[in-house]
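Biologist: Please present the structure, and let us then discuss it step by step.

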Amino acid sequence: MTSPPPSAFTASTLAVDQQRRRRRTRLLLGGAAAAVVASLAVWAWSGSGGIPGDDARPTSAAQAPDAVRRTVETAPRSVEGRAAVQYREEIRQVGATADALGAWATDKVFAKGLVNTVKGFSLTKENATDAKGDRPAWTLTFPGPLCATTRHVSAAGWTAVAYAGERVDPGQSLGAPCDRLAVIDLDTGKKRWETRLGTADAPAGNVNVTMTDGAVAVAGDQGSAAYDTTSGKRLWTRSARGTCADSGFAGGSALLALVRCGDSAGPRFRVERVDAHTGRTRWTYRVGEGIEAVYLASAAPAVIAVAAGDVQVSHLIPLDEHGRARGTIRLADTHMPVGCDRPFSAVVESCRSVVVGPRELYLPVDDDIVSFDLATGKSGRRFASPTGAMTPLKTNGDHLIAYREGSGFTPSAVVSLDPATGEERPLLLFGANPDDLAGTDDPTRDDILYEHGRLFLAATSVYGPTDKGHLGELSNVAVGVESIAP
């Protein structure tokens, strides 16, 4: 397997590497022991009542190829899990950190970004057990490092990435010019189109990318722009307006812009709903004074996260279809949506621990998950975890899909939660101990995806050896788990 070029690595201190390495788990998935544990766990979970039948499953409507994907998950025939993907790389520099931006999945391929590459791993039946899925089906290499990605994927399996158009020297990735944008087909590993960014040129740390139906939006130091997802044709540009400029976008089934005004000593913010195809503002919500930072937790329904008087998020504010504030959710220390602030990144669509549904949003509180009503801001049902911490992943019709860490001999799990009744249904069971799982135990830092009945755990940073004695060892990048009988 080809290692990433050492020139793309950025050095970090051993102390930081060791501290963060302890938060990452080892790649030891699959095998007979895990299968036995998962099989025993089927009996342990079979007592969950109120499991919806097949007639209660949500259904999906046909989507245009360039519309942002809205996947409907169904329960597998077996909840027993097996390894589907296991991606490791050799980091050849002691004490180095390699950026690993982007993780995506379709029904055919899992794709993962690392430094200046994106690698795709086949999920088809004939290849699912081939060498534990550790050989990429394709590799797409860029001239310089990836500098911005979006979690959104189109119905046809396309996503967008921004990257440096030229190779950079070691330790200079943050300052590399983020001057290229491409839409790639995740199933084939081919670029559908690429373009040189014009008004959105900026250093790597100052660019963000998102996708909405039919359009890719980019914001940078000098302005923002949108491009047609299918053709790459530029749809519009927006430059700074006085002291105000677009800081970033949130996408999905709508497009929100975060506009920042003034200087760092006294910033002012507003949130705009933007027509993705014309760039026109449909409505504006002006954030109150005294706010240190604003993040876009969701574009539809619109929910923003604000840090009032401090750098940490203190309130979540749902907005209605006209941009008016609904019930404000005041946060306590026990359920602060960590992960919104991503250092050295301009990403504002980053509150991974907040999942927003049509009527409620969900937050991790201690090891549990609590729902909050979007209209009133009041807390609702609490889903208690009998084992490790639970993390909300996505809504699925009226249900919530969550990942639960294992504990002792209790397997880790993906479960479907019913907000109306509080009942749950297991979807996937695997591994007996968090230390035996491939990926990470920090869902707010790294990527956790559940798509087409498969769970993927993917690092956003990959670490080199702590000393020369460990040179040649493989570092964990990502793992995928699927049902033995989908």
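Biologist: How many helices and strands does the protein chain have?

Modeller: This is a predicted model. Both kinds of element occur in the protein chain. The count is two helices and 37 strands.

Biologist: Is Tyr-87 buried or exposed?

Modeller: Tyr-87 lies in strand S3 and forms an aromatic pair with Phe-121, which lies in strand S7. A residue counts as buried when its relative accessible area is under 20%. The relative accessible area of Tyr-87 is 0%, so Tyr-87 is buried.

Biologist: How are the rings of Phe-110 and Phe-456 arranged, stacked or tilted?

Modeller: Phe-110 belongs to strand S6 and Phe-456 to strand S35, so their pair ties together parts that are 346 residues apart in sequence. Both Phe-110 and Phe-456 are buried. Their ring centres are 4.6 Å apart, with 5° between the planes. Planes under 30 degrees apart meet the criterion, so the pair is stacked.

Biologist: Over the ring of which residue does the charged end of Arg-192 sit?

Modeller: The charged end of Arg-192 is 3.8 Å from the centre of a ring. That ring belongs to Trp-158.

Notes
Residues numbered from 1 in each chain as written. Predicted model: local features only at pLDDT ≥ 70, side-chain atom pairs only at ≥ 80, totals over all residues. Heavy atoms only, no water. Helix = DSSP H or I, 4+ residues; strand = E, 2+ residues; numbered from the N terminus. Phe/Tyr/Trp six-rings, centres within 6.5 Å; stacked < 30°, edge-to-face > 60°. Buried < 20%, exposed > 50% of the residue type's maximum accessible area, 1.4 Å probe, protein only. Lys NZ or Arg CZ within 6 Å of the ring centre and 35° of its normal.
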